[in-house]
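This report describes a predicted model.

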Amino acid sequence: MTPDATALDLVLGGDPALYAIVRLSLIVSLSATALAALVGAPLGALIALSRFPGRQAVVVALNAMMGLPPVVAGLAIYLLLSRSGPLGSLGLLFTPQAMVITQMLLVLPIIAALTRQTVEDLWMEYRDEFAAMNVGPLRRVGTLLWDARFSMVTTLLAGFGRAAAEVGSIIIVGGNIEGHTRTMTTSIALETSKGNLPLAMGLGLVLITIVLLVNVAAWTVRQAGSKFEQR
Amino acid sequence: MMQTSAPQLPIVLEDVHVASGSTRILDGISLQFDAGAPTVLIGPNGSGKTTLLRTAMGLIRPDRGRISWGGSEDASVARRALVFQRPVMLRRSVADNLRYALAVAGVARARRGARIDELLALVGLTAIADRPAPRLSGGERQRLALARALAREPAVLFLDEPTASLDPAATMAIEELVRNVGASGVKVVMTTHDLGEAARLAGEVVLLHRGRVVESGPAQQLLGHPATEEARRFMAGQLLI
């Protein structure tokens with residue numbers, strides 16, 4: 001990476017440092033989104049289908065967690081993983097794994113809350129049919145998640161967007177270590193503060209392109225799925 | 001294919017009451033559905049036809065009274081099926097809707113393909129097996145819902161206004177299916193607003209009004225020579241208030 005390189009030179013020239021950062025960013029954000037979806041989607045569906053005392057409070061809390069400040073999440077995970085913390089012995093602080101955990105914590109409420117809403121709407125539609133067909137509780141969850149799959153794409157997209165744009169928490173738990181825990185967003189923040197605008201802008205271009213491509217892919221999937229929507 | 005024995009029958013309702021808040025929906029219904037020709041429930045809007053159907057299916061627990069199916073009060077819906085007036089199409093293809101119903105009914109995976117073909121042929125949807133179910137017309141939806149219900153191999157089939165809002169051709173197709181299903185030994189209990197349809201399909205007719213049975217009996221007798229004033233007025237097309 002030469003000091004006088006432009007943003008486009010870096011992107012089009014396949015700068016190895018830049019692409020290592022892009023690769024790590026994608027791995028961390030996609031892993032966090034996938035793990036959050038594995039837990040959050042069934043959790044949201046279960047809340048949608050369950051009736052228990054305090055359910056409304058759980059729904060409100062889940063919705064509120066969507067706005068969880070990233071630095072607070074980062075601080076909480078930092079305290080858990082720091083050497084004197086309860087999970088300090090795992091040695092995860094300042095690793096990509098710690099960044100995945102933090103992003104997962106931020107993405108999970110988004111996926112769970114949006115899934116809850118999507119599945120609850122579909123549940124209102126399917127409820128009588130399920131009762132008449134004698135569909136068991138676990139199959140109900142699976143069916144609703146599958147039949148809501150095209151709406152769930154938007155939910156996953158929202159989760160990925162949150163993860164990909166995240167800076168504050170992963171700087172705290174990842175440390176922004178060059179070649180180890182440096183991602184696109186943390187690099188942009190660092191390089192901007194150092195005055196290295198070409199790299200910051202190059203990373204910004206890549207980030208915007210990735211977000212755009214993910215949205216195009218999601219739109220395509222939704223279009224393909226629209227034929228299965230009720231008329 | 002379909003089971004002809006009817007351990008679910010007779011369905012006996014004794015002094016059944018169902019209310020929603022302070023509104024009485026079923027008000028002391030005593031009826032018996034026996035094996036044989038279809039039973040058709042008729043009556044004005046709000047008379048309790050749909051609620052009676054759902055209660056007899058076992059989906060609504062009566063506030064008072066008893067229901068038994070073949071002598072048992074176990075409300076499990078294992079050998080009964082219900083097609084709603086506006087059936088919900090699962091967001092998948094026509095064939096996959098049937099595949100789902102067969103899986104829920106516990107049909108072995110290896111048998112499902114052949115059963116799907118049979119059911120599609122039965123309801124005349126073979127040509128559009130791969131079409132997304134939510135894109136079907138009203139008549140096609142009813143036929144698919146009927147096939148989905150038959151996938152359960154029910155002893156009793158409840159149909160809630162199966163031809164409401166359908167054109168004459170689609171109505172004729174559904175009525176033909178109902179006749180065939182009834183002839184195969186499945187007990188059909190259905191609701192309708194259409195007295196002509198009741199005359200064409202029913203072996204027995206039950207007239208409901210305000211959650212009560214006004215009159216019930218063989219279709220020809222009740223439709224041709226109603227015994228009560230309320231029934232006579234209804235058959236004459238007058239409003240029951």
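## The hairpin of S1(B) and S2(B)

In the hairpin formed by S1(B) and S2(B), 2 residues lie between the strands, and B:Gly21 adopts a positive phi near 65°. The strands S1(B) and S2(B) run antiparallel and are joined by 8 bridges. One of the paired positions is B:Ala19, whose bridge partner in S2(B) is B:Arg24.

## Chain B as a whole

Chain B contains 8 helices and 9 strands. Its C-alpha atoms fill a box of roughly 55 × 40 × 35 Å along the principal axes. A compact globule of 241 residues would have a radius of gyration near 18 Å, and the 18 Å of chain B agrees with this.

Of the 241 residues in chain B, 48% are buried. When contacts in chain B between residues at least 6 apart in sequence are considered, 67% of them join residues at least 24 apart.

## Chain A as a whole

Chain A has 10 helices and 0 strands. Read from the N terminus, its elements follow the order α-α-α-α-α-α-α-α-α-α. The C-alpha trace of chain A spans about 70 × 45 × 25 Å along its principal axes.

Chain A comprises 231 residues, of which 38% count as buried. Among its contacts between residues at least 6 apart in sequence, 79% join residues at least 24 apart.

## The nonpolar core

The largest nonpolar core has 129 residues, and those with the most contacts inside it are A:Ile111, B:Ala56, B:Ala147 and B:Val205. Helix H5 (residues 96-133) of chain A gives the most to this core, contributing 19 residues.

The surroundings of B:Val205 can be described individually. Leaving aside residues up to four places away in sequence, B:Val205 touches B:Val40, B:Ile42, B:Ala198, B:Ser216, B:Gly217, B:Ala219, B:Leu222 and B:Leu223.

## The interface between the chains

Contacts between the chains involve 16 residues of chain A and 17 residues of chain B. On the side of chain A that touches chain B, the elements giving two or more residues are H5 and helix H6 (137-147) of chain A. H5(A) supplies the largest share of that side, 7 residues. By class, the side of chain A that touches chain B has 6 nonpolar, 2 polar and 8 charged residues.

## Two arginine residues

B:Arg152 is found in the loop between helix H4 (138-150) and strand S6 (156-160) of chain B. Is B:Arg152 buried or exposed? B:Arg152 counts as buried because it has 25 C-beta neighbours inside 10 Å, where 20 or more are required. Not counting residues up to four places away in sequence, B:Arg152 touches B:Ala81, B:Ala101 and B:Ala105. B:Arg152 and B:Lys187 are 35 residues apart along the chain, and their C-alpha atoms are separated by 14 Å.

A:Arg139 is found in helix H6 of chain A. With 15 other C-beta atoms within 10 Å, A:Arg139 is partly exposed. A:Arg139 and A:Tyr78 are 61 residues apart in sequence, and the distance between them in space is 39 Å, C-alpha to C-alpha.

Key:
Residues are numbered from 1 along each chain as its sequence is written. Chains are lettered from A and ligands numbered from 1 in the order in which they are written. This is a predicted model: local features need pLDDT of at least 70, side-chain atom pairs count only at pLDDT 80 or more; totals for chains, interfaces and linings use all residues. Helices (H or I, at least four residues) and strands (E, at least two) are DSSP runs, numbered from the N terminus. The radius of gyration is taken over C-alpha atoms; the globule rule is 2.2 Å times the number of residues to the power 0.38. A residue is buried if 20 or more other C-beta atoms lie within 10 Å of its own, exposed if 12 or fewer, and partly exposed in between; C-beta atoms are placed from the backbone. Two residues are in contact if their C-beta atoms, placed from the backbone, lie within 7 Å. A nonpolar core is a set of buried Ala, Val, Leu, Ile, Met, Phe, Trp, Tyr and Cys residues joined through C-beta atoms within 7 Å. Ala, Val, Leu, Ile, Met, Phe, Trp, Tyr, Cys and Pro count as nonpolar, Asp, Glu, Lys and Arg as charged, and the others, Gly among them, as polar. Two strands pair if DSSP finds at least two bridges between them.
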